[in-house]
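Okay, thanks for coming, everyone. Let me put the next one up on the screen and talk you through it.

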Amino acid sequence: MMLILPDNRFNHQAGSEITPAHVYARRREFLQQMAAAGWMAGAGASMAQSPVTRPGKLAPLNATVSTLAGAQASDALTPYKNASTYNNFYEFGTDKSDPADNAHTLKTRPWGIEIEGLVKKLGRLNLEDLLKLSPMEERIYRLRCVEGWSMVIPWVGYSLSELIKRAEPLGSAKYVEFITLADPKTMPYVGSRILSWPYTEGLRMDEAMHSLSLLTFGMYGEVLPNQNGAPVRLTVPWKYGFKSAKSIVKIRFTENQPATAWNKAAAHEYGFYSNVNPNVDHPRWSQASERRIGDGGILTKKVKTLMFNGYEAQVGQLYAGMDLAKNF
Ligand code: MTE
C-alpha cells in the first residue's frame with residue numbers, strides 16, 4: 001500500500017504474473033465430502049487435516065482445519081505466489097514487491113514475545129514455547145486492505161485469546177498493544193520517516209479475546225514467509241489489513257487506548273477501530289468495493305465490500321450501540 005501517498009495505491013501486478021486459483025476452488029466441496037463421510041463428525045471435527053496444497057518453499061506447519069464459526073471463508077484462495085509477493089511491510093519498502101525482495105534479511109531466530117503491562121504473568125515467551133502453547137488451526141480468512149484490495153489466505157495459528165489467558169490480565173487491562181520489530185540493521189526502511197517506528201497496533205480487550213483474532217505463525221501449511229510477518233503476526237479478519245501487525249516482539253496490556261502507527265501518521269484517515277465498513281469512505285476514496293488480488297490484476301472486476309469484511313455475524317455485537325462513522 002501507500003496509505004499516505006496515493007500514487008502507489010493500486011500498484012497491481014500484471015495479469016500474466018498471476019497464477020490461476022482454480023487449484024484451490026474445490027476445497028469446500030472436499031470438506032463437505034469429508035463431513036458427509038463422517039470424517040468431521042463430533043469430536044473428530046477439529047482433527048480434519050488441511051486439503052490446502054503446500055507450496056513446498058518453507059518448513060511445514062501442521063494444523064487441523066478450524067471448525068470455528070467464520071473460520072472458513074468459502075471464497076477461492078489467493079494463489080500463494082500473490083499472497084507472498086504483493087505485500088505491505090513498510091520496514092522493507094513501500095512498493096508491493098519490496099517486502100518479498102528485501103525481507104530475506106529479517107532474522108527470525110532467536111525470537112520471543114515480551115509480555116508487559118497489566119498482567120500477572122510478565123516476561124518473555126520464546127518462539128519455541130509460543131509454537132506449543134495451543135494446537136495450530138488452519139483458518140481461511142479474507143484480508144481486506146484499506147487501499148481497496150483483498151486476499152483469501154489459509155492462515156495457521158491459534159486464537160490470540162489462548163496467549164492472553166495465560167498472561168492473566170488484571171481487571172484494569174482494557175486494551176492490548178502490539179509492538180513489532182524495528183531493527184535498522186535488517187530492516188532498511190526503519191530509518192525512514194514514512195511512519196514512526198516501531199510499527200504498533202492495538203485492540204480493545206474484547207476484540208483481542210474474540211476467537212477470530214488469530215495469532216498467526218504460518219500460511220498455506222508452512223511457516224510464514226518473512227515478507228508476510230514471520231515468525232509471528234496478528235490476523236484480525238474483520239478489520240482493515242493494517243491492524244494485523246507483523247513480526248511482533250512485544251504485547252503490552254494497558255488501561256488506556258494505545259497509539260497506533262497509522263493513526264499517528266494520519267489520524268483523520270486511520271482510526272483506532274478500522275473495522276471494514278463499506279458505508280464509511282476513506283477521506284480520499286470509497287470503501288464500497290474491493291479487488292481480489294490474484295485473479296486478473298488491475299482488470300479484475302471489483303466485488304462489493306461486506307460489513308465487517310463478512311464477519312458481521314461473529315463480531316457485530318462487539319460494536320452494539322457505537323456510531324461506526326465516528327468510531328472508524
Ligand atoms: N506490520 C508491520 N510491522 N509493518 C507494516 O507495514 N502493514 C500492514 C499489516 N501489518 C504492516 C504490518 C498492512 S497495511 C497490511 S494490508 C497487512 O500487513 C498486509 O499483510 P500481508 O502482506 O501478509 O497480506
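This is a predicted model: local features need pLDDT of at least 70, side-chain atom pairs count only at pLDDT 80 or more; totals for chains, interfaces and linings use all residues.

First, the ground rules. Residues are numbered from 1 along each chain as its sequence is written, and side-chain values use heavy atoms, with hydrogens and water left out.

So, the fold. We've got eight helices and 13 strands; those are DSSP runs, H or I of at least four residues for helices, E of at least two for strands, numbered from the N terminus. Of the 328 residues, 55% are buried, and buried here means under 20% relative accessible area, with exposed over 50%, partly exposed in between, using a 1.4 Å probe and protein chains only. Now contacts, meaning heavy atoms within 4.5 Å: among those with a separation of 6 or more, 73% are between residues 24 or more positions apart.

Next, the core. The largest nonpolar core holds 84 residues; that's a set of buried Ala, Val, Leu, Ile, Met, Phe, Trp, Tyr and Cys joined through side-chain atoms within 4.5 Å. Strand E5, residues 149-159, gives the largest share of this core, seven residues. Phe217 is one of the residues with the most contacts inside the core, and its partners beyond four places in sequence include Leu61, Met136, Tyr158 and Pro231.

Setting aside neighbours within four places, Pro258 touches Tyr175, Val176, Glu177, Gly202 and Phe272. Its C-alpha is 7.7 Å from that of Glu201, 57 residues away along the chain.

Last bit: salt bridges, i.e. a side-chain nitrogen of Lys or Arg within 4 Å of a carboxyl oxygen of Asp or Glu. The count is 19. Arg142 pairs with Asp75, closest N and O atoms 3.2 Å apart. That one links distant parts of the chain, from strand E4 to the loop between strand E1 and helix H2, 67 residues apart.

Then there's Glu207 with Lys239, at 2.7 Å between the closest N and O atoms. Glu207 sits in helix H6 and Lys239 in the loop between strands E10 and E11. Glu207 is buried at 0% relative accessible area, and Lys239 is buried at 0% too. And finally, shared partners join Asp75, Arg142, Arg144, Glu290 and Arg292 into one salt-bridge network.
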